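The sequence and structure come first, followed by notes grouped by topic.

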2 protein chains.
Amino acid sequence: MIVSSERLRLKKLESKIMTAEEAASLIEDGMTVGTSGFTPSGYPKEVPLALAKRAEKENLKINLYTGASVGDELDGALARAGVIAKRMPYQTNDSIRNSINSGKIEFVDIHLSHMPQMVRYGFLGKIDVAIIEAVAIRKDGGIVPATSVGNSPVFVQMAEKVIIELNESQPLELEGMHDIYIPKNPPYRKPIPITRTDKRIGTTYIPCDPQKIAAVVLTNRRDSVRPLAPVDETSKKISEHLIEFLENEVKHGRLPKTLLPLQSGVGNIANAVLRGLVDSPFEGLEFYSEVIQDAVFDLLDCGKMTVASGTSVTPSEEGLERFYKNIDFYRNKIILRPQEISNNPEVIRRLGVIAMNTAIEIDIYGHVNSTHIMGTKMMNGIGGSGDFIRNAYISIFATPSTAKNGAISCIVPMVSHVDHTEHDVMVVVTEQGLADLRGLSPKERAKEIIQKCAHPDYRDALMEYYKKAIDFSGSAHTPHILEEALSWHINYSKKGRMI
Amino acid sequence: MIVSSERLRLKKLESKIMTAEEAASLIEDGMTVGTSGFTPSGYPKEVPLALAKRAEKENLKINLYTGASVGDELDGALARAGVIAKRMPYQTNDSIRNSINSGKIEFVDIHLSHMPQMVRYGFLGKIDVAIIEAVAIRKDGGIVPATSVGNSPVFVQMAEKVIIELNESQPLELEGMHDIYIPKNPPYRKPIPITRTDKRIGTTYIPCDPQKIAAVVLTNRRDSVRPLAPVDETSKKISEHLIEFLENEVKHGRLPKTLLPLQSGVGNIANAVLRGLVDSPFEGLEFYSEVIQDAVFDLLDCGKMTVASGTSVTPSEEGLERFYKNIDFYRNKIILRPQEISNNPEVIRRLGVIAMNTAIEIDIYGHVNSTHIMGTKMMNGIGGSGDFIRNAYISIFATPSTAKNGAISCIVPMVSHVDHTEHDVMVVVTEQGLADLRGLSPKERAKEIIQKCAHPDYRDALMEYYKKAIDFSGSAHTPHILEEALSWHINYSKKGRMI
Ligand SMILES: CC(C)(COP(=O)(O)OP(=O)(O)OC[C@H]1O[C@@H](n2cnc3c(N)ncnc32)[C@H](O)[C@@H]1OP(=O)(O)O)[C@@H](O)C(=O)NCCC(=O)NCCS
Ligand SMILES: CC(C)(COP(=O)(O)OP(=O)(O)OC[C@H]1O[C@@H](n2cnc3c(N)ncnc32)[C@H](O)[C@@H]1OP(=O)(O)O)[C@@H](O)C(=O)NCCC(=O)NCCS
């Protein structure tokens, strides 16, 4: 491959061009590696694959830090090769998930906005090598990221050596979409000056001392994006309940007509909710979120949304085509920021973001489990959900009312793991209905959640537990019978049905 | 009582001077009342007592919103009189706690920094009447608060009518200590411009349209402050472990020599930890917290602390004397802010606050219960602990390793209620030792917490549970046996011992 001078603008770095195998040899056993990538978007591919190959013949363990989940060439290949000792802060890959749930990988599940500052504070040890996918390297060494920013700025800042995968499949037109701002450490930190979703506060590249760039690897391997399921009946109903709720908030003067900036989790439900907004009466919408999915393109295309700020663009294959084809249209409407900024409590609270995320299960008092199947097995991780919902103007959790063909109720007496407490959950919505929990006590919440959100097959049993718990506890603040609180999960594990 | 023109500076309000009984008659059945007060400090006393009296002969229910806990004249008297329907956001009073745990009062336990914005967003309904304790009323109607600010600014802003208890027992010299800043609602909110603990950004009074002031009640009843227990051996050991940890952080360059602004929960352990700093090598300390207790005076007096910012001054009786006597010395060193600012995520994260709070119980994976006894009975509430620890530079939870003379282990297999998740807890400390959890996976956390923090009487049993859970779950991410996870609590309820 020949590199164009548009991509590699600092001529002297030509001497650093090498194969993925050569670059991978810079990584030694026991090192901590920080990579670009946030969802299967903008992550390095060649060097990880070379590393996995090396591990076939060599004892090799590294700590792998990324922005969030990444593609299979990184998480999958390295997990299967047994290369990962410790992994932070999020994943969604089957291979790595299996390793995490069988004691082969130590996974640390932390808020996505906490990770970069913890790296900069020195709490997570030294970053030996950063591997960053880029569309170009500037004359000053500055790195123009690809379709995600994630933790790349802090990894580049803190790493001893930087390896760059210059990816020609990523269009040069991405340049200008990014807005890189790196907060200082206390006591020198200043207010983050974002006062509107569309405000840019940083540079369009990641500053990097060229001395640190130890390798440049050329590639044109594309992101392994994932298909989106068609919008199903359940997601559609959830979306309808939510839009009705938002309309009502506007009617009562608790939200402006243009709403406030929206955040949305990833996955099919989240996408369906956003898609529902295309046919809603709302106009002038803004998006201040993590991941920019297909439905956001729909909203930008139809003119109902004016700006979308995130840390990664992660469409389906079809969406990616559309994005690349109309990139000049989207360039002025999309801003990609470091996850430290996209997920920043300060900014989220200031802008008044409406946060919509998906739960695995929710209990009758409003506690949410986002991460653990039956209290023990890690699904993906908390991701940015905590960053957003704790600081949201309105915090919303959506889930289908049942899972596994109805054998599981997603509304339970007590969640088997807590990621978000009752203190942080204002609205719960399932295809059955929507529970508005603002200003409600636990007992009031229980009635609202059971009646509005539980599946009819489970409603009576939930109410029965609740009433029994009231009697048993003498009507304590949060009625529970500890001997029965987790029995639905225990039942499921033993009998394959919760009740 | 005759009111001095120094206290009541707006002459035309003299016509509003009335008895507590008259003022209380402005409050009608079904109303929502917002009062000043944060801890037994700066809360109204006369009107609540009159209201409780009225309820002897009349059916009277109100929703009571305050800053946090308040004195017995307010929470106690009204709870015993059965006047409170709904209570928000925090309490510590025996009478009200009993009512909450027997189904007589609906208590809503929310983050102290969330309450004021939820009031302003209109999420908690209308505030009919605000009752505010003040040291003076300015010519423009502006209210000079007493020893706490709490939620008074937002209640005054949003209330239809304002009743003022002008309290002559509170010295006029308090004027100038307060710093009142009220954020706008999104989308108009601006950065909160605090960049140093000692920076003042607002007014020294709560702005108030004089038209709203419906009553002025004169009093000289003092705050019912509470005594502090002498520092016991357990608290002393906790303090020593913590100071050793902080010294080590400085040594490794992860904290500056002057540390970063400290936050500390209330109560005896918190006070002991702060007192421990008097004999520590640290200098130039700052305090960015909620409540200013006796030990903070010690630190200011000895010159080791330069500034203390909080939302309330709540010393013991002896401390209060000392405070009043040296008020000119303390005036330049103490800043009292609204709880929306003292507890603000934006500011806490920017300043890099070191947050130290107390837990009821902590589990082997680092989840913290701050509020519920045996999973059902409300103790006090989450208070500001979540505001601080989620946004802290270092988040620390302290607890004695056992309670009830050793019958209870405060380190348990699974907490019976979660207020703070593993994602938010960096350090756990008991008199046994300190566990540094930064960057650790659940399994690594379990070993660290059991070995360093558990009481020797419980250590083996905890390790046994952990190992069994590893086998049972196939070494899942968070090993648990749901059938046994809460058995320690069930044992205690049945047999009076956890194991
Ligand atoms: C919670 C989360 C896993 C839901 O994802 P999703 O794709 O909408 O969920 P699905 O309904 O497809 O369920 C995923 C799996 O969990 C299973 N599941 C769902 N609810 C379950 C429950 N209550 N108990 C057990 N399993 C359950 C489903 O059956 C499915 O399993 P399968 O893949 O074996 O069929 C996902 O949103 C997540 O990881 N959230 C945390 C991070 C986050 O919020 N990020 C966004 C922040 S910006
Ligand atoms: C957690 C909290 C209750 C601890 O307070 P404390 O005064 O240090 O606690 P104590 O050790 O005196 O314990 C209080 C009571 O709980 C009991 N207790 C303590 N641990 C217990 C446990 N694990 N199980 C059951 N009871 C327990 C004690 O025995 C004592 O009961 P008693 O009054 O009947 O004797 C208190 O810090 C709190 O309310 N925190 C939440 C709010 C907060 O953090 N605010 C500060 C934010 S700035």
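In this predicted model, a polar side-chain atom of K404(B) sits 2.9 Å from an oxygen atom of ligand 2, which is a polar contact, defined as a pair of N or O atoms within 3.5 Å; within protein, one must be able to donate a hydrogen and the other to accept it, and residues adjacent in sequence count only if both atoms are side-chain atoms. The protein covers 75% of the 970 Å² of accessible area that ligand 2 has on its own, with areas taken from the Shrake-Rupley method with a 1.4 Å probe and, for residues, only the protein chains shown counted as cover.

**Ligand 2, chain B**
- Around ligand 2 there are 22 residues, of which Q263(B), I360(B), N380(B), G381(B) and K404(B) come nearest; a residue is near if one of its heavy atoms lies within 4 Å.
- I360(B) uses a backbone N or O atom, 3.0 Å from a nitrogen atom of ligand 2.
- The side chain of Y90(B) places an N or O atom 3.3 Å from an oxygen atom of ligand 2.
- The shell around ligand 2 has 10 nonpolar, 9 polar and 3 charged residues, where Ala, Val, Leu, Ile, Met, Phe, Trp, Tyr, Cys and Pro count as nonpolar, Asp, Glu, Lys and Arg as charged, and the others, Gly among them, as polar.

**Ligand 1, chain A**
- Of the 22 residues around ligand 1, those that come nearest are Q263(A), I360(A), N380(A), G381(A) and K404(A).
- An N or O atom in the side chain of N380(A) is 2.6 Å from an oxygen atom of ligand 1.
- For K404(A), the distance from a side-chain N or O atom to an oxygen atom of ligand 1 is 2.9 Å, and for Y90(A) it is 3.3 Å.
- Ligand 1 exposes 970 Å² when taken alone, and the protein buries 76% of that.
- The ligand 1 shell divides by class into 10 nonpolar, 9 polar and 3 charged residues.

**Helices α8(A) and α9(A)**
- The axes of α8 (residues 268–276) and α9 (residues 294–301) of chain A come within 8 Å and cross at roughly 10°.
- The two helices are therefore roughly parallel, a term for angles under 35 degrees.
- N271(A), L274(A) and R275(A) of α8(A) meet D294(A), A295(A), V296(A), D298(A) and L299(A) of α9(A), contact meaning heavy atoms within 4.5 Å.
- These contact residues comprise 4 nonpolar, 1 polar and 3 charged.

**Conventions**
- Residues are numbered from 1 along each chain as its sequence is written, and chains are lettered from A and ligands numbered from 1 in the order in which they are written.
- Local features need pLDDT of at least 70, side-chain atom pairs count only at pLDDT 80 or more, and totals for chains, interfaces and linings use all residues, while side-chain values use heavy atoms, with hydrogens and water left out.

Key
Axes fitted to C-alpha atoms, helices over the stretch in contact; angles between N-to-C directions. Helix = DSSP H or I, 4+ residues; strand = E, 2+ residues; numbered from the N terminus. Parallel < 35°, antiparallel > 145°, perpendicular 65-115°, else oblique.
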